[in-house]
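Hello,

Here is the structure I promised to pass on. Please open it alongside this note. My findings on the domains follow below.

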Amino acid sequence: MLQSLFDGILVGSVLALGAIGLTLIMHILRFANFSHAELLSLGAYFALTFDAVFGAVSNVLVQKLPWLSVTWSLACAVLIAMALTGATAAIIDLLVFRRLRRLAGPLTMVFASFGVSLIVRNVIGLVYGLRSTHYNNDIVFAMMISADPLLLVKADQIFIMCLALVIMVALHLVLTRTSIGYTLLAVSENPTLAQVNGINLGATVRLAWMLGGGLAAIAGFCYALNNQLSPVMGRDLVLSLFAAAIVGGIGSIYGAVLGGLIVGLASSLALIIIPAGYKPAIPFLIILATLYVRPNGLFGQSR
Amino acid sequence: MIGLISYLTFFFTIALILAIAVLGLNLQWGFTGLFNGGVVAFFAAGAYGLIMLGGPARANEFGGFDLPYLIALAGGVLLSGVLALVVGLATTRLRHDYLAIATFGVAIAIESVARNAEYLTGGAKGLRGFERPLEAWVGQPQLYSFLFLCVVIVCLVGVYIALEKLVDSPFGRLLRAVRENERAAQSLGKSPAHIRLTAFVIGAMIMGLSGGLYATFYAFISPQDIAPILTFQIWAMLIVGGSGNNRGAILGTLVVWGGWVGSGWALTAFAPASMQLYAGSIQYILIGCIIVFTLLARPRGLLPERLTTTQYAESSVEKR
Amino acid sequence: MQNSERVGTQSTAESVLSIRGLTKRFDALVALDDVSLTVGRGSITGLIGPNGAGKSTLFNTVVGDVKPDLGSIEFNGKPIQGYTPDKVFRCGLARTFQIPQPFPEMTVLDNLMLSAPSQLGEKFWAPWFLQRKIQRQESIHLQQAHEILEFTTLDKVAHLAAAHLSGGQQKLLELARVLMSKPDMIMLDEPAAGVNPSLTQLLIEKIHQLNRSGITFLIIEHNMDLVMKHCDRIVALANGRIIFDGTAVDAQASEELLDSYLGQPGVGI
Amino acid sequence: MRKVNLLSPRAALLSLLLPAIWISPTSTVLAADCETKIGAVLPTSVDWGRPIAETAQFAVDLFNESGGVKGCDIDMVLRDSQVDPKIGVDAAKALVDLDKVPLLLGAVSSGVSMPILTSVTVPSGVMQMSCCSSSTGFTDVAAEGKTNGLWFRTFATTRNQAAVAAKLVQDKGYKSVGIFYKNDDWGQDIGKLVKADLEKLGITVTTSVAINDAQPSYRAEVTEALKTKPEAVYMALYPAEGISVTREWVSLGGTQKMVVANSLKSDEYRDGVGFQYLSDVIGHDSAPPRTDSADSFTAMYKEKFDSEPNGPGLPNIFDAVMISLLAMEAAPELTGAAIAAQVGKVTDPSGTPVNADAAGLKEARALLADGKSLSYQGATGAVVFDANGDVSAPAVAWTFTEDGTAEAAYYPLADVDTFIATLSK
């Protein structure tokens, strides 16, 4: 039980990072972006690539961070991956979604994003191969914190949770204390009104993509660190991400965090009651229950 | 030449079976604005319902009542309808993305049951042993395929005509009103919840019919047939074709399905032998490009919805 | 609806809508505070008050969009609290919206045709079994719709999508739509806001015409000139409470009413 | 009514043109002056599917180098099944009707192979041979006489493999076992059989956990199994989820005593998990032949791919290709029925043993020309098909080594059958 709780929170914090970007875009641009999860894969693979580059450049960088399986080169690579993924997200918007926004309904964008995700996923598969890989092939053994109730924890996992927490706090500060944050919140509250008040919608949308992409890259990295890299990791994660965003209430950043935790906990705790074969259905049944009580998600407003 | 005809018979059989499901979705989304993310659940209910009712008995398992084909098919369609009624009653308050994820969850749950509840659905190995109607009587497989295509065409045309009649009637006007502005419709004495539920159930039963025909054609159904990808394929067909337009829905099905499998042909024909192993990934990229570029070129679909006034009065004999 | 005959035989003194002790809170905000109000049959009643006074909430509560915490509502002598908006409409009490709510991608004519009450064709099975009956009913509705379109001067745009109408035309469409059902009473939410003067004039004329044919009006309006000139009776709301209820002449004399309006921009007294 | 301009949507036009373009001939330079097409429907866009396709192509190349079929090169037209029955069946139909292949290899998943069999190959009289479809449904279809003898699979029946798995557990002396099985038809089947067999042997099965495809994390499943504290685990998984589950399992301190199914006999799995954690692993598989030529096959494979032929379905697809092509060579005419009729002749236990290498294939051609029957000795053993197109093969136990796998024990068919008989008592 304790172990399941811990696992749930761990998976949940990764999902939350990914869901924040998704919920922002879903709210500002009013469409469900199926290609968002592919940004997680992209971020993870960018980090893998630059890890190799940095590792080749300098011997100092291949040293591991204390306690962790993460090397300095990987840590630097993640920063670059964030920037690159953010830029890629903005470029995809420029090429595809921006044109459709002017001409079409939200559903057209949803299916364009579905097409984009097919393209991105399979390009990754062509470039990096279909097999799964790891940043570090050594298995990091978990430390037993407690035998009964059982609780096994890895240093990497603590690191992931702390990282997620730090990023969320930073995001909270940015959103509440800076003009950039104010702009983002204003636009996500009401795009038309924000524009009337002199906010440059185009720039804000770009900012939202970069922010969402950067967070997706970190989420992808955290997921890959704890599990593995694979070209289909985006596909495997996309439904959980949507579930998190929707349970939390579309547009609510804090909702996305809570939604991520709920979905993570749900899939982790569900197996206590239900056979593992039914696992894929569990998060959705919990979502159904949540929506039955709150039709617009936990923090969502009706549009 | 015979090969080409035989293949095209097959291609159109599958495409048109899917087109029926796309028409069902068009009633739900195109006309009523219901974001059904669980198309495959109702497709599955029709398919499994048919084989469970019409198939032979299986040892230690439920189902296999060996009922006459048409009764089994109707039973499958009815099962979809009942499922839609239950799901609709539970989710009728939800809107947009929330409805989509809820119905998607239902589809995943149905797939999970199909995969795990061996007693009921045969589990992951699927259900088989269903006798296709009149197959033995026709004898010749090619002729049978052709006749089956004719039956599918009849079903499609029947559904198409029925839906056109429906959406051209005051009922269709009511559906569009609920799609356009639910609050206004309610303020004008209409009951949106009831209308949404009606459209949801009818659309789901049409999807069930599609699933039933699909299971008839393969005489087999397994959880692999009801993977979430089918929901996406059917949606992509509707959006590419043009939602709110039944002819667009059918055209969209042919284009998306044609592109989906056509990209596979193109690759075996053109890609160098050394690339064949990567053809699978490249095919997916091509499929993605077809969807994206079609939508960029025709954002409202190939045949967008047209603005019409419902003309049902006696005096207006001549249509525009 | 056979209300036209009924109205003729009944005196105007009788109340058509009667609200008692209506209270609605949104968290800390008291939107309606023990509001009691009766609207006489055949009258034109103006409902005034500053922004946020609770006027629209009153409308929404009466038609069942918003659930009241306390209070009762009677329409034509029948309690209607707890009814959903569609049921209230079917009782003969229609409302329009402050921000027009058209069916944007439907033609103006279809906006009207939709609004006809008790349509046989709205059953999904009906087109197969009752085609002739539906056609006959549609013909009647079509004629009626054309008459109303002409009456509201929307006949020129009958085949345009409602989204393409001007703001003023959309206000007229709101009124035209509810007329299809021949309601006993219409509640208009700021019918003249954002409408150019000549259209406003037309609108007022139409309201008077309809009133003469027996329809009761309850109108939310900010334009005091209009209210004073055309309403038999004026009710003023402030902070969810009724602060004035009387004739236009009394209203001009009421200090309290004037006080509550002092400094209210855009209010022309 | 408005006229609809059908020509304006560019993409519609494009997709309508696609069928037309495909007819244009391919220009491949070939050694022989003629070529014969065969079809293959395999999931090349899936991680474990691509190596299977690679191996199929390798087997075809090998056969062509040794002289092809009736002096003609074999051109294997490969289509992706996307693990989607609709797509796979369409691809099969196109291969049969448009490319006119008399022989179809595939598919991998039973859910795809089955509709191909019932709605494409049998109605068209095309022979179908699958490397890896394991569903017992095929045996039923064949027993009902609905395959017209056109269906074969080189995947040894799950029954034997499950029994060997139980035997391995017993021989290792494990007292309690937790089971992870892939939640598909094969996994459900073998998971259930192994559980039953173990319980018959008096070994406790602490838990039996279904592992679904494509889940973001298997932590919860692993944790559930961990709580039951089994002495060893049995895994019937594919490499993708196998790697994920094993790494979670090991990192959480789960036992490294593992018995694994043949699907995990792959470099991907060994490299993905890391060899250092797999030293206590023993696996089961159908056995390669007890002849010297087995080594030459492995050597050929190694030369080509720089790795051993390990991975789910790799030896099976190799044999499927070889047996099919030998049957084609033996067939008087290239129709599905004629080829299928010769399968028994090239896998005749009383025939002359031939190996699947260049010399063996040359010898096979000569023997077939003389009207003699062969006993094909392939990568999964001396394959023999029964009347339902199923094979029973001897079994082998194997372990991982630094750079591949090593055989640990060999169980002749008779031994396996005896063991199964003791289980069913």
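Into which domains is chain C divided? Domain 1 covers 1-102 + 183-269, and domain 2 covers 104-164. Please keep in mind that this is a predicted model.

Chain C, between its domains

The contact between the two parts of chain C involves 6 residues of domain 1 and 7 residues of domain 2. Together the two domains of chain C bury about 540 Å². Carbon and sulfur atoms account for 74% of that area. Three residues of domain 1 stand out here: Pro102(C), Leu202(C) and Lys206(C). They supply 67% of the area that domain 1 of chain C buries against domain 2, more than any other three residues.

Helix 8 of chain C, residues 197-212, gives the most to the domain 1 side, with 4 residues. By type, the residues on that side of chain C are 4 nonpolar, 1 polar and 1 charged.

Chain D, overall

Chain D has 425 residues, and 65% of them are buried. Its secondary structure comes to 15 helices and 15 strands. Take the contacts in chain D between residues at least 6 apart in sequence: 72% of these join residues at least 24 apart.

Chain D, between its domains

The domain assignment of chain D also gives two domains. Domain 1 is 4-155 + 313-381, and domain 2 is 158-287 + 394-423. The C-alpha centres of these two domains of chain D lie 31 Å apart. In chain D, 10 residues of domain 1 are in contact with 9 residues of domain 2.

How much area do domain 1 and domain 2 of chain D bury between them? The value is about 850 Å², with 47% of it on carbon and sulfur atoms. On the domain 1 side, Trp48(D), Ser134(D) and Phe155(D) lose the most area to domain 2 of chain D. Together these three make up 46% of what that side buries.

Between the two domains of chain D, the salt bridge count is 0. The rule finds 1 residue pair in polar contact across this interface of chain D, both at pLDDT 80 or more. The domain 1 side that touches domain 2 of chain D divides into 3 nonpolar, 6 polar and 1 charged residues.

Best wishes

How values were computed: Residues numbered from 1 in each chain as written. Chains lettered and ligands numbered in written order. Predicted model: local features only at pLDDT ≥ 70, side-chain atom pairs only at ≥ 80, totals over all residues. Heavy atoms only, no water. Domains from an automatic or database assignment. Contact = heavy atoms within 4.5 Å. Buried area = accessible area lost by both parts, 1.4 Å probe. Salt bridge = Lys/Arg side-chain N within 4 Å of Asp/Glu carboxyl O. Polar contact = N/O pair within 3.5 Å; in protein donor to acceptor, adjacent residues only side chain to side chain. Nonpolar A, V, L, I, M, F, W, Y, C, P; charged D, E, K, R; others polar. Helix = DSSP H or I, 4+ residues; strand = E, 2+ residues; numbered from the N terminus. Buried < 20%, exposed > 50% of the residue type's maximum accessible area, 1.4 Å probe, protein only.
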